[in-house]
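Subject: Structure handover

Hello,

Here is the structure for your files. My notes come after it.

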Amino acid sequence: QVRLIESGGGLVQAGDSLKLTCTASGHTACISTMGWYRQAPENERELVAEITKGGETFFGDSVEGRFTISRDEDGTMMYLLMNSLQPEDTADYYCNARCYTEHVGSYWGQGTAVTVSS
């Protein structure tokens, strides 16, 4: 199993920056792709950004150019640097990690809340 804990959420103003951290523990050697998702009230969970074990990144259209995703080489830490935050970025942000060869599964953290005031 893989356990994920998010941290770094909070209340900020529009235009501010915030950095989220995802800390993985357990069978972290199996982790391939990691990603950040978010869910606003009454909305479906959506992909924010993801990063492969090789460092390839993908961003959702709404955050492209504003957010940066990164991870440590050992896969135990992942980060999301969010710049130029807007009220529409308000949501609960979730860390996700996927294992494909052993301990196969898609693992989720409990989420961290980000609120952006106008």
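Predicted model: local features only at pLDDT ≥ 70, side-chain atom pairs only at ≥ 80, totals over all residues.

Residues are numbered from 1 along each chain as its sequence is written, and side-chain values use heavy atoms, with hydrogens and water left out.

Disulfides

With a disulfide taken as a pair of cysteine sulfur atoms within 2.5 Å, the count comes to two. Counting bonded cysteines along the chain, the pattern is 1-3, 2-4.

Strands here are DSSP runs of E with at least two residues, numbered from the N terminus. The torsion about the S-S bond of Cys22 and Cys95 is about -70°, and therefore this disulfide is left-handed. Cys22 is buried, at a relative accessible area of 0%, and Cys95 is buried, also with a value of 0%. For these labels, buried means under 20% relative accessible area, exposed means over 50%, and partly exposed is in between, using a 1.4 Å probe and protein chains only.

The other disulfide joins Cys30 to Cys99, with an S to S distance of 2.0 Å. Cys30 lies in the loop between β3 and β4 (31–39) and Cys99 lies in strand β9, so this pair ties together parts that are 69 residues apart in sequence. The link of Cys30 and Cys99 is right-handed, with 50° about the S-S bond. Cys30 counts as buried at 6% relative accessibility, as does Cys99 at 1%.

Rings of Phe, Tyr and Trp (for Trp, the six-membered ring) pair if their centres lie within 6.5 Å; planes under 30 degrees apart count as stacked, over 60 as edge-to-face, and the rest as tilted. By this rule there is one aromatic pair. Tyr37 and Trp108 form this pair, which is edge-to-face, at 5.0 Å centre to centre with 65° between the planes. Tyr37 is in strand β4 and Trp108 is in strand β10 (residues 105–108), so the contact ties together parts that are 71 residues apart in sequence. Tyr37 is buried, with a relative accessible area of 16%, whereas Trp108 is partly exposed at 37%.

Arg45 lies over the face of Trp108, at 4.6 Å from the ring centre. Arg45 also lies over the face of Tyr94, at 3.8 Å from the ring centre. The rule for a charge over a ring is that NZ of Lys or CZ of Arg is within 6 Å of the ring centre and within 35 degrees of the ring normal.

Positive phi

Glu42 has phi near 70°, a positive value in a residue other than glycine. Glu42 is placed in the loop between β4 and β5 (46–51) and is exposed, with a relative accessible area of 86%.

Ser84, likewise a residue other than glycine, has a positive phi near 50°. Ser84 is in the loop between β8 (77–82) and β9, and counts as partly exposed at 37% relative accessibility.

Regards

Technical notes:
Helix = DSSP H or I, 4+ residues; strand = E, 2+ residues; numbered from the N terminus.
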